[in-house]
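Here is my note on the cavity and the nonpolar cores. Please read it with the model open.

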Amino acid sequence: MNITLCGGGSWGTAVARLLSNKGHNVNFYIRNKSVVNDIKKNKENTKYLPGAKFNNDINLTNELSSVLGNIDVFVLAVPTSSAREILENIKGKIPKKTIIVNLSKGIELETLDRISEISAEVLKDNSFVALSGPSHAEEVGRDIPTTVVVSSTDLKAAKTIQHEFSTSIFRIYTNPDLIGVEMGGALKNIIALAAGMNDGLGYGDNSKAALMTRGIYEMSKLGIAMGANPHTFNGLSGVGDLIVTCTSMHSRNRRAGILIGKGKSMDEACKEVGQVVEGVKTVKSAYKLSKLKNIEMPITNALYQVLYENYDPKKAVFDLMTRKNKDEIEQIFFE
């Protein structure tokens, strides 16, 4: 297949390498010319994914317009905040047959749209597929077995991506619940921030287990309100992605949370991590959605206070622990 991948961060690089190594004709667009030159010289992205060598030739460019012709797939591997701009830039320049595959996990802050909704608005004629699940770029780049899920309202497009992206180390399932897959991928970053703060504050496994368990429940509540299937949150894009993001130092969100728990400001933490921390903006998006949908999300509310109202993380934990007693599972899950 002819594939153009947009975005030269760690995850974009890992997927470009994966597809190239499988034998696809890959055009790799990276805005930063120094990163393009680095990969050309060293056969790896030494800045964002060191050690992951490209075995096959790949067409590297910092001119997006030059790689939008007769392509079968366009892979979006940019931060959520940049997705609309890129999709607008390629409008009218790609064939109608081209499948849009999104790798980012977030909710647009200004509109509260998922990436699929942005794509449907901007590129009405192109099928859209979301790829999500527990998949650290650092491990995919080292050919460590990884399992993810793809979702689309177009089953044929989802099956096509499943077939063309699958390898012996990258297993892909399909799930028709596009809302659930996208919401799970976005919302788990919020809980990962909280899990990192837990570590930064010096708390233990008990409190992290509580955060993760109540976190997946909180994610499911908002997802259901948005129209998702609750079972999706028990799968790869829900609890699977939550586990890996809350427990690994590969996770930017967890690392940022650790720094905030240790007393750094949000901006200081993000700067030290060095790449986009999607969960920071997703906290605000999810907070707004919870108010619109009238969904109680105590962990999200606490994080919003810490990140955007300078609330003391220890006080936020105290508030969560001393909330009014309640049942573990609400009626919404049995209706």
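1. A search of the whole structure finds 1 cavity of 30 Å³ or more. A cavity is a set of points, on a 1 Å grid over the protein atoms alone, where a 1.4 Å probe fits but cannot get out. The model is predicted: local features need pLDDT of at least 70, side-chain atom pairs count only at pLDDT 80 or more, and totals for chains, interfaces and linings use all residues. Residues are numbered from 1 along each chain as its sequence is written, and side-chain values use heavy atoms, without hydrogens and water.

2. The volume of the largest cavity is about 90 Å³. That volume is the space filled by probe spheres set on the points, which are joined across faces, edges and corners.

3. Which residues line the largest cavity? Among them are Asn 102, Lys 105, Arg 114, Leu 131 and Glu 182; lining residues have an atom within 4 Å of a point. Strand E6 (128-132) and helix H7 (178-200) each give two or more residues to this lining. Helices (H or I, at least four residues) and strands (E, at least two) are DSSP runs, numbered from the N terminus.

4. The largest nonpolar core has 42 residues. Such a core joins buried (under 20% relative accessible area, 1.4 Å probe, protein chains only) Ala, Val, Leu, Ile, Met, Phe, Trp, Tyr and Cys residues through side-chain atoms within 4.5 Å. Met 183, Leu 187, Leu 193, Leu 222 and Leu 303 have the most contacts inside this core. H7 gives the most to it, with 10 residues.

Notes. On a 1 Å grid over the protein atoms alone, a cavity is a set of points where a 1.4 Å probe fits but cannot get out, and a pocket is an open set with protein on both sides within 12 Å along at least five of seven lines; lining residues have an atom within 4 Å of a point. Buried means under 20% relative accessible area, exposed over 50%, partly exposed in between (1.4 Å probe, protein chains only).
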